[in-house]
Amino acid sequence: MRSPTRWEIFWRTVMGRAYPRVIGAQRERSWLFFETLLPLLQVSAFVFIYRAIQAPPEFTGFVVLGGAMTAYWLNVLWSMAAQLYWEKETGNLELYIIAPTSLMAILLGMAIGGIVASTVRAVAVTTFGLLIFRVEVSVVSVPQLLGVFLLTLLALYGLGMLFSSLFLLYGRQAWHLSNLLQEPVFLVSGFYFPVRALGFIPALGASVIPITLGLDAMRQLLFPTMMAQFHFLDVRIELGVLAALGIGFLWLARRALSYMEALSRREGRLTIRGQ
Amino acid sequence: MSTELAMKTEQLSRIYKAKKREARGGEREIIALDRVDLEIPTGELFGLLGPNGAGKTTLIKILTTLLAPTGGRAWVAGVDVAQNPWEVRHHINMVSGGESSGYGLLTVEENLWMFTQFYGIDGKTARRRIRELLEIVGLVDRAKSRIYHLSTGMRQKMNFVRGFLTDPEILFLDEPTLGLDVQTSHTLRGFIKDWVRKRPDKTVLLTTHYMHEAEELCHRVAIIHDGRVRACDTPGNLKRSLQREVVFRLRVTAIANPEKLFQHLRGVQRFSHTDINGHTELHFILEDENALPPILTVIQQSHGKLISLEKLDPTLEDVFISLVGRGLREDNASEGTTEGDRR
Amino acid sequence: MRQRAVESTRSLKMATWLGWQIESNWASPFLFAIYSIAKPVAGALILVLMYMIIAQGGLRNSLFPQIFVGNAFYIYVAMVFMGVSQAVIEDREHYGMLKYMYVAPLNIYAYLLGRGVAQAIMATVAVLIMLLFGIIVLGIPMPPATIDWGMLLAAWLFGLAGLAFQGIFLAGISLITARHNFYIGAAVAGALYLLCGAVFPIDVLPKPLQLLGQALPLTYWLEALRRALLGDGAGELLSPLSDRVLVLILAGSTVLLAVLSMGFYRWAENLAREKGLIDRQTMY
């Protein structure tokens with residue numbers, strides 16, 4: 001039998017690892033309730049805060065979009081970054097490592113599986129949010145909007161892969177790091193308000209989180225009039241930065257994963273459980 | 001069996017540095033493996049026998065690239081495990097005992113298929129192998145069951161299949177029958193024997209603390225204790241090394257302080273004792289049969305009653321006792337030895 | 001009866017110790033300190049910025065202190081819910097210990113509550129940090145002489161107990177669902193955020209949602225805390241209720257929650273036993 005090529009192993013691994021994520025979600029459907037209705041209620045809370053302080057209606061749209069994107073951020077934090085920790089605990093990690101495949105392929109498979117579930121949540125929140133709250137959108141450019149969305153995901157999941165290499169080494173400490181990154185990123189990335197409100201320099205710093213520029217660009221493309229006074233950078237610049245972040249994070253993730261794996265192997269942490 | 005080496009280690013060591021609060025008796029370094037030298041030719045079913053904590057799993061982890069050595073070198077399929085771990089992985093697979101790997105929500109077939117994808121095996125070949133192997137281990141009727149519905153034995157059978165699915169050149173079996181019932185263990189051992197017999201180009205490294213498993217399956221056995229290989233030969237040769245001595249097993253009513261009673265007796269090389277159901281089982285390795293009557297006298301004088309007496313052929317456990325100074329079985333709460341100066 | 005009391009106390013003590021060991025398992029105390037401050041302050045700053053961009057008068061808007069206090073105490077909600085409900089999933093899927101808890105002669109309710117205590121302690125630290133941040137940095141007036149300490153203590157205790165029982169309800173759901181509901185506590189807390197007037201008066205909600213909000217013990221809890229600390233609640237809907245009535249509502253709802261949550265958990269337990277869910281691992 002012909003030996004499989006490196007690329008064959010890579011792509012088969014991606015599909016193989018994505019499979020449990022996609023199938024698992026279908027076999028236990030309770031997540032449909034928790035991942036659609038509850039986030040919608042959470043988003044609604046912020047909508048009503050703006051209504052209580054008599055904000056312009058476009059701000060409702062900002063919140064709905066931000067709420068939809070939280071699905072991806074939470075997926076990256078908990079189902080990408082933390083996943084290798086869980087895999088180690090169940091004994092799957094060592095089986096992945098001794099296989100002639102790369103952890104990048106494993107993580108990519110997880111990412112694809114995770115994106116499927118998160119997209120259901122994001123679409124539900126967006127659709128129902130826009131309908132229930134009667135938000136009006138004026139789409140400037142569909143290709144640009146799609147481009148921004150896809151590049152944001154690429155960069156975001158690249159960042160997730162980078163985080164996962166930390167978990168390989170730091171175990172439960174890194175779980176706390178994930179927890180730590182939740183609310184502060186909701187703040188600095190402008191999930192619920194235009195990031196420009198933070199000031200230029202803080203917003204620039206926050207741009208390292210791909211969702212910051214992704215959200216700002218998507219808001220500009222959907223609510224151009226209101227965002228004229230609240231936008232951070234031009235959409236084209238934001239597109240360029242997102243592309244660079246995507247390539248950068250993926251490259252860093254690859255380097256970090258092999259470094260962390262080697263370090264974990266030296267310190268004997270690849271098979272420690274029960275942390 | 002070929003003369004080509006499937007695995008080789010040279011002065012292989014692994015030292016862990018313990019944190020202060022975890023250090024045993026003040027020792028900051030834990031020597032898990034201590035300058036191990038091994039050569040395993042292709043086609044061999046090689047056994048590594050030793051108690052818990054001896055270093056068996058540490059050795060396997062190094063050879064399977066999960067752990068880096070702190071000293072020495074190791075090669076698997078001619079590839080240095082520390083320099084080229086990724087290359088090594090093309091040649092190996094591993095099955096561990098007591099595993100809980102896999103995804104509960106997936107079926108047996110799905111879990112196995114997923115792992116074949118990590119090795120680049122095409123779907124058709126994967127499905128065929130899965131079916132064949134599941135039939136052999138008697139799990140084919142549970143192929144569509146979700147993993148969390150399986151018993152421990154079934155789960156281990158599935159893990160077994162996962163190890164063999166990729167048809168590796170070198171297979172590591174780390175206490176594969178741990179915690180399994182007699183029937184399941186028997187099935188899996190039969191499977192291993194058959195697999196090796198039909199494939200002279202494949203090599204298996206098996207770690208176990210079950211003597212009979214090592215005797216039944218292995219071409220050669222290395223006895224490992226405290227990170228060091230104490231002996232390495234075929235089971236037959238290892239047992240023959242004890243043929244000069246005589247081995248007796250006595251069962252007596254419970255007696256106190258057996259170490260004090262027997263340690264000064266002439267002709268007693270080594271002994272161990274176990275308390276079983278209110279009786280004491282004594283296991284002696286004697287210089288010759290003349291050393292037996294004084295033992296019986298001591299038992300009588302200490303108000304013990306002899307229940308049974310058996311003369312035994314040396315077993316690997318006896319070899320272990322003679323090398324290490326105590327028995328292998330972990331459930332022995334009060335094993336003791338005489339330090340074996342020949343008298 | 002005495003034996004059950006002893007069992008319950010033992011279970012509660014053991015679970016509290018265990019919960020603390022798990023939650024305080026930080027390699028770096030410095031990072032733990034950052035975590036304890038950054039998380040609550042970030043949550044507060046989201047609100048602050050929203051008010052600064054849009055509200056008339058910015059932070060001097062009359063609604064802001066009420067909203068800030070509500071948001072601060074809401075930290076308890078997510079953390080206690082998560083502490084209690086996650087104990088089931090952690091013990092079942094991660095540590096493989098849930099089956100041993102069920103085999104042992106311990107009081108499972110006391111055990112779950114104990115596991116939530118560590119989170120409650122951390123939440124208390126976070127709430128205090130938030131309140132101090134509000135007073136010192138944002139200038140929210142809360143002079144100690146004007147605080148109704150009696151009402152504050154009563155509201156705080158009843159509220160925490162109510163949260164713990166709601167956590168048991170969620171733990172029951174966790175028992176019969178898969179691991180992907182790990183964040184059920186946080187998800188439900190996020191949803192209740194909308195209805196209980198934590199960050200806006202429930203007057204702003206559409207009528208049907210107002211009625212839902214008025215049915216939640218959380219709404220009265222936050223209202224009581226605001227009155228105790230600031231001398232005034234948020235919005236008009238709850239203003240006709242006197243302080244005494246508020247506290248009585250809290251007490252009554254806590255008792256009701258205790259009965260309902262334990263009943264539901266018992267039902268979930270029976271279902272889990274029937275379906276063999278107590279030791280299943282669904283990890284994917």
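How many residues of domain 1 of chain B are in contact with how many residues of domain 2 of chain B? In this predicted model, 12 residues of domain 1 are in contact with 8 residues of domain 2.

**Figure 1. Overview of chain B, with its 11 helices and 14 strands.** The domain assignment places residues 5-238 in domain 1 and residues 241-324 in domain 2. The C-alpha centres of these two domains lie 35 Å apart. Of the 343 residues of the chain, 45% count as buried. Among contacts with a separation of 6 or more, 73% join residues 24 or more positions apart.

**Figure 2. The side of domain 1 of chain B that touches domain 2 of chain B.** Two or more residues of this side come from each of α7 (211-217), β9 (220-225), β10 (228-233) and α8 (235-240) of chain B. By residue class, the side comprises 8 nonpolar, 2 polar and 2 charged residues.

**Figure 3. Strand β13 (residues 279-286) of chain B.** Because 6 of its 8 residues are buried, strand β13 of chain B is largely enclosed by the rest of the structure. Strand β11 (residues 246-253) of chain B runs antiparallel to β13(B) and is joined to it by 8 bridges. Within this pairing, B:Phe248 has B:Phe284 as its bridge partner.

**Figure 4. The hairpin of β12(B) and β13(B).** Strand β12 (residues 268-276) of chain B is antiparallel to β13(B), with 8 bridges joining them. B:Thr280 of β13(B) stands opposite B:Asp275. The turn has 2 residues between the strands, and B:Asn277 there has a positive phi of about 50°.

How values were computed. Residues are numbered from 1 along each chain as its sequence is written. Chains are lettered from A and ligands numbered from 1 in the order in which they are written. This is a predicted model: local features need pLDDT of at least 70, side-chain atom pairs count only at pLDDT 80 or more; totals for chains, interfaces and linings use all residues. Helices (H or I, at least four residues) and strands (E, at least two) are DSSP runs, numbered from the N terminus. A residue is buried if 20 or more other C-beta atoms lie within 10 Å of its own, exposed if 12 or fewer, and partly exposed in between; C-beta atoms are placed from the backbone. Two residues are in contact if their C-beta atoms, placed from the backbone, lie within 7 Å. Domain bounds come from an automatic or database domain assignment. Ala, Val, Leu, Ile, Met, Phe, Trp, Tyr, Cys and Pro count as nonpolar, Asp, Glu, Lys and Arg as charged, and the others, Gly among them, as polar. Two strands pair if DSSP finds at least two bridges between them.
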